[in-house]
Amino acid sequence: MKENNVNAEELQRQQQYISQLEDILYLRAGNKQPAAFVRTYGCQQNVADSEKLKGMLEQMGCALTEDKTEADIIIFNTCAVREHAEDRVFGNVGELKALKKKKPSLLIGLCGCMMEQQHIAERIHRSFPYVGLVFGTHVIHRFPELVYNAVTGGKRLIERGTDDGQIYEGLPLHRDGSFKGWLPIMYGCDNFCTYCIVPHVRGRERSRLPENIISEAREMVRAGYKDITLLGQNVNSYGKGLDTDISFAQLLKSVAEIEGDFRVRFMTSHPKDASKELIDVMASNDKICNHLHLPFQCGSDRVLKQMNRRYTREKYLEIADYAKSRIPDLSLTSDVIVGFPGETYEEFCETLDLIRRVKFTSLFTFIYSPRVGTPAAKFHDPVSHDEKAKWLGELLKVQEEIAAERCAGMVGNSYRVLVEEQAREGVLNARTANNIVVEINEAPGLIGTFRQVEITEARNWILRGKVRN
Ligand code: SAH
Ligand code: SF4
Ligand code: F3S
């Protein structure tokens, strides 16, 4: 792995664009501070990227706004993981046409995972002439230069770059939250699950140096962050390719050993690499949340093989059982795909059976969505979408019963929660370490603090509680 300072020169080059842009964007906005709107689709990896884009926009002199109509720059950071995600982006970009007509100097930029796909970039170019800038995930460190070229070049700019395998440290950052934050530890993915577009749009897996991660975590704790999520597509393979010999479990332990009152979580864990060492580290450190997001995707060995997941149902159950036996009150959560090409109803029933056995706290469920360029998109897929939707309905019913039962079992117990946000007038949402949301009737002053809460009521899977201190 290359040292992080090899990019110093490149980052300096970008700083020069930033200084020039301050004046250029001010003038374009009509001699006032320009406003920038950034909308993020997709996973936390994209959220973390958007925090970098926002940091760079602020350095260019922009004020960040939540209101598209007052923006001088609009950026959509897109997700390609399912067709539905892409459709939302196309719909929302269509709505920008009127804004561009009203304010011709408006710069509309599209970036993120969708833009790494040739056919999408072409479609944007063809169908949305008012989009002035398109760029992919491999060039976000060059965002200032791209904005500069887009506003001074007088023509539309599409920049997709290639995966150079590098990690750009030291980019400015505007964190969305003040007490809950994301900390990417690695980028890309090497797993090539046959249904998944992520490795194609995010490039090869690369890990940040442990010292950079630890020092960022330290800074976050010093700045008052109380809930830190370590991010990667497959955190369990952290460290591959680094000169230092370090496992994810060791990294997690080092972060948890930082002094201060905070907690740390991580996602996503791939079952094929989830180790007992990781579970043991989780079990022996109070600051590590007792929450494990371990996507199993499907309960049938035949389908898992077709998906190229490289574990069996038995291996999954073994690690899940070990985790449950070692970590008190563990929340296991998972992603599930329903209706993978060729999956039969009997195979889907194996998924239901696995759900019943493991008793997940919650599930993210998806109907299979074919992605251009992935192997599964060419597999024979005889089951209709309506039929798959029925299967999904069946699955959700099973999961709702499990979640309701689990929630009912929590009544009377006391948990340490982080108060996160206002749910509605007079009600706040707080989160337990095992990632369960509890509603409390308190004033917003408690947001951002840890409290001890007793669960007083469970209505299906919604919990209510009372603050005890
Ligand atoms: N790296 C993570 C997942 C990232 S994508 C992991 O391996 O667990 C998030 C989830 O989207 C996946 O876990 C999967 O359940 C779902 N997903 C990915 N591609 C999909 C597709 N083509 N159709 C339906 N769901 C998909
Ligand atoms: Fe996609 Fe599989 Fe990589 Fe997750 S591990 S991002 S599902 S290819
Ligand atoms: Fe979507 Fe890209 Fe994440 S495809 S799920 S935003 S890595």
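These entries go through sheets first, then helix packing, then the ligands.

**Entry 1: the kind of model**

I noted at the start that this is a predicted model.

**Entry 2: the six-stranded sheet**

I began by asking in what order the strands of the open sheet of 6 run. I read the order as E2-E1-E3-E4-E5-E6, and the pairing is parallel. Strand E2 (63-64) and strand E6 (157-159) are the edge strands, each pairing on one side only.

I then looked at the E6 end. Strand E5 (residues 133-135) is joined to E6 by 3 bridges, and the two run parallel. There I found Leu 133 opposite Leu 157 of E6.

Next I checked what covers this sheet. Helix H3 (residues 83-94) lies across strand E1 (35-40), strand E3 (73-78) and strand E4 (107-112). Against E3, H3 runs at about 170 degrees.

I followed one pairing here down to residues. E12 and strand E13 (residues 331-338) are paired in the parallel sense over 3 bridges. Leu 292 has Leu 332 in E13 as its bridge partner.

**Entry 3: antiparallel pairing around E15**

I wanted to see an antiparallel pairing too, and strand E15 (residues 414-424) gave me one with strand E18 (residues 450-459), over 5 bridges. Ser 414 sits opposite Glu 454 in E18.

E15 is also joined to strand E16 (residues 427-432) by 6 bridges, again running antiparallel. One bridge pair I wrote down is Glu 421 with Asn 429 in E16. E15 and E16 make a hairpin with 2 residues between them. In that turn, Gly 426 has a positive phi of about 80 degrees.

A reminder to myself: strands of a sheet pair through backbone hydrogen bonds, either parallel or antiparallel.

How do helix H8 (residues 210-222) and H9 pack? I got an angle of about 30 degrees, with the axes 10 Å apart. That angle makes H8 roughly parallel to H9. H8 passes H9 in a right-handed crossing. On the H8 side the contact is made by Pro 210, Ile 213, Ile 214 and Ala 217, and on the H9 side by Leu 251, Ser 254 and Val 255.

The axes of helix H9 (residues 248-256) and helix H10 (residues 276-283) come within 8 Å and cross at roughly 15 degrees. That makes H9 roughly parallel to H10. Here, too, the crossing is right-handed. From H9, Phe 248, Ala 249, Gln 250, Leu 252 and Lys 253 meet Glu 277, Leu 278, Val 281 and Met 282 of H10. This contact of H9 with H10 divides into 6 nonpolar, 1 polar and 2 charged residues.

**Entry 4: H13 and H14**

Helix H13 (residues 345-358) packs with helix H14 (residues 385-408) at an angle of about 10 degrees, their axes 10 Å apart. That makes H13 roughly parallel to H14. H13 passes H14 in a right-handed crossing. Residues of H13 in the contact include Tyr 345, Phe 348 and Leu 352, and those of H14 include Trp 391, Leu 395 and Ile 402. I listed 8 nonpolar, 2 polar and 2 charged residues for this contact of H13 with H14.

**Entry 5: the ligand shells**

Which residues surround ligand 2? My list reads Cys 189, Asn 191, Phe 192, Cys 193, Tyr 195, Cys 196, Val 198, Pro 199, Gln 233, His 270 and Arg 309. By class that shell has 7 nonpolar, 3 polar and 1 charged residues.

Around ligand 3 I found Gly 42, Cys 43, Asn 46, Cys 79, Ala 80, Val 81, Cys 113, Arg 202 and Gln 233. The ligand 3 shell divides into 5 nonpolar, 3 polar and 1 charged.

Notes:
Residues are numbered from 1 along each chain as its sequence is written. Chains are lettered from A and ligands numbered from 1 in the order in which they are written. This is a predicted model: local features need pLDDT of at least 70, side-chain atom pairs count only at pLDDT 80 or more; totals for chains, interfaces and linings use all residues. Side-chain values use heavy atoms; hydrogens and water are left out. Axes are lines fitted to C-alpha atoms, for helices over the stretch in contact, and angles run from 0 to 180 degrees between N-to-C directions. Helices (H or I, at least four residues) and strands (E, at least two) are DSSP runs, numbered from the N terminus. Angles under 35 degrees count as roughly parallel, over 145 as roughly antiparallel, 65 to 115 as roughly perpendicular and the rest as oblique. A crossing is left-handed if the near helix is turned anticlockwise from the far one by less than a right angle, and right-handed if clockwise. Contact means heavy atoms within 4.5 Å. Ala, Val, Leu, Ile, Met, Phe, Trp, Tyr, Cys and Pro count as nonpolar, Asp, Glu, Lys and Arg as charged, and the others, Gly among them, as polar. Two strands pair if DSSP finds at least two bridges between them. A residue is near a molecule or strand if one of its heavy atoms lies within 4 Å of it.
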